[in-house]
Amino acid sequence: MLNIGVLNEGIVIDHIQAGGAMKIYEYLNLEKLDCSVAIIKNARSNKMGKKDIIKIEGPFDIDLNVLGVLDHKITINIIKNNEIVEKKDLSLPERVTNIIRCKNPRCITSIEQELPHTFKLTDREKRIYRCIYCESKFRGK
Amino acid sequence: MRHLISPLDLSVEELEHILCLGQEIMESPEKFSHICEGKKLATLFYEPSTRTRLSFEAAMLNLGGKVLGFSSADSSSASKGESVADTIRVISSYADICAMRHPKEGAPTVAAMYSEIPVINAGDGGHNHPTQTLTDLFTIKTLMGRLGNMTVGMCGDLKFGRTVHSLINAMVRYPNVRFVLISPQELKIPDYLRKEVLDQKNIEYVETDQLEQNMPKLDILYMTRVQRERFFNEEDYIRLKDSFILDANKMKYAKKDMFVLHPLPRVNEIATEVDNDPRAVYFKQAKYGVYVRMALIMALLGLDKAKL
């Protein structure tokens, strides 16, 4: 397996579905960070066969729970002094805004561009979100 | 301040209050003829709908209030590109309550988020039409004296008919309601309604394409239109279209105290020969719609004990 240098301080976003790392990278605006970011694609995984990993160096302050909406298998490891100090499980937020977009062409958001695309969690077990305007369903991966 | 955006925004108790108030109004309309004096209803209709708009206007006028509004997007600022949010913020300073119809789903939800006056959804695309559901429930309750313990037949386009979906969602909240869902294969109820509502709540139902043989079971028959363009091929349409037309012959199989409802407009799915049958109550239903809208306006304006 390809080896990326050990993180002294930072976070590791692990168990990203293979091929999904760039989407997460773009969503978190990681290109704007002035620190080392490593994207590992198609790493071998016992559980998943293949997976993507993102390693970010340095302190990082953002609500990562929204990642759970995009891919619930993701795990987050917080690293300090070369050690994992916290393993975070992602819990699904009750409401997400501008993370997912309503694709219903009959929804009011299709003609009023400035409206935020807000979804609320209606079934935690089945990971179902619904558009607050037209109630169209979005199911997390 | 409350709005009515979805039929399920009202609890069973709140609904009961509104239906009872509607019945009081129906019995003595004169007692309520001045109750909205000095109040204004804005009817914001971004697409034409003569029946619903006039029903709302009649309701407000019957209560002694006044109405203002527009009846198509062309005659509103929407044609200049104004957003729903901006329109409602302006209208909030002109009127005390508003009824909105919009071709896009969720537009009344947006209005409610920015409004300073109660917003009533008068139909948003194929999504919700709560005052039609109130009208349907009011009609059933007034004629049957109850909303539970009955077999409701739904016939026609059960796939795209929003009135059907809303009525099923509303009726499953009452005890011992059974459904006979009569439609062509192509127009059966959507999967989510079958799985997430009927199956999940253990509601008794059958799906069939036979109207005639199911007639004797029904206490209520809710008819809707089967549109030619919903079929995948002309052959199926021709084969099936008459099965879903209610005529005097099929009415012979119905119970003496069964009632036929229809949200209107009717095209040809109910033969005009049925109109004189005392069990055909669809025109009465349209009249009841005014009473229940009167009750709703009063409740949302806080003018009655049933205020929301």
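## Chains A and B: a quick chat

Me: How many residue pairs are in polar contact between chain B and chain A?
Reply: The count is 9 residue pairs in polar contact, both at pLDDT 80 or more. Keep in mind that this is a predicted model.

Me: Which element of chain B gives the largest share of the side that touches chain A?
Reply: Helix 4 of chain B, residues 107–114. That helix supplies 4 residues.

Me: And by class, what is on that side?
Reply: Chain B brings 4 nonpolar, 6 polar and 4 charged residues to the side that touches chain A.

Me: How many salt bridges across the interface?
Reply: The rule finds 3 between chain B and chain A. One of them pairs the side chains of R106(A) and E105(B), at 3.1 Å, N to O.

Me: How many residues are in contact, and what area is buried?
Reply: In chain B, 14 residues are in contact with 16 residues of chain A. The buried area is about 1100 Å². Carbon and sulfur atoms give 51% of that.

Me: Which residues of chain B lose the most area there?
Reply: K104(B), E105(B) and V110(B). Together they account for 44% of what the chain B side buries. E105(B) is also the salt-bridge partner of R106(A).

Me: New topic. Strand 8 of chain B: buried or exposed?
Reply: Buried, throughout residues 220–223. I220(B) and Y222(B) point one way, L221(B) and M223(B) the other.

Me: What does strand 8 pair with?
Reply: Strand 5 (residues 150–155) of chain B runs parallel to strand 8, over 4 bridges. There, M154(B) has Y222(B) as bridge partner. Strand 9 (residues 259–261) of chain B is also parallel to strand 8, with 3 bridges.

Me: What about helix 6 of chain B, enclosed or open?
Reply: Largely enclosed by the rest of the structure, because 10 of its 10 residues, 162–171, are buried. Among them are R162(B), H165(B) and N169(B).

Me: Where is the cis peptide bond?
Reply: Between L264(B) and P265(B), with omega about 5°. P265(B) is in the loop between strand 9 and helix 10 (282–300) of chain B. Most peptide bonds are trans.

Me: Which residues other than glycine have a positive phi?
Reply: N98(A), near 60°, is one. N202(B), near 55°, is another. Most residues other than glycine have a negative phi.

Me: Where do they sit, and are they buried or exposed?
Reply: N98(A) lies in the loop between strand 6 and strand 7 of chain A. N98(A) is partly exposed, at 45% relative accessible area. N202(B) is in the loop between helix 7 and strand 7 of chain B. N202(B) is exposed, at 70%.

Conventions
Residues numbered from 1 in each chain as written. Chains lettered and ligands numbered in written order. Heavy atoms only, no water. Buried < 20%, exposed > 50% of the residue type's maximum accessible area, 1.4 Å probe, protein only. Helix = DSSP H or I, 4+ residues; strand = E, 2+ residues; numbered from the N terminus. Pairing = 2+ DSSP bridges. Contact = heavy atoms within 4.5 Å. Buried area = accessible area lost by both parts, 1.4 Å probe. Salt bridge = Lys/Arg side-chain N within 4 Å of Asp/Glu carboxyl O. Polar contact = N/O pair within 3.5 Å; in protein donor to acceptor, adjacent residues only side chain to side chain. Nonpolar A, V, L, I, M, F, W, Y, C, P; charged D, E, K, R; others polar.
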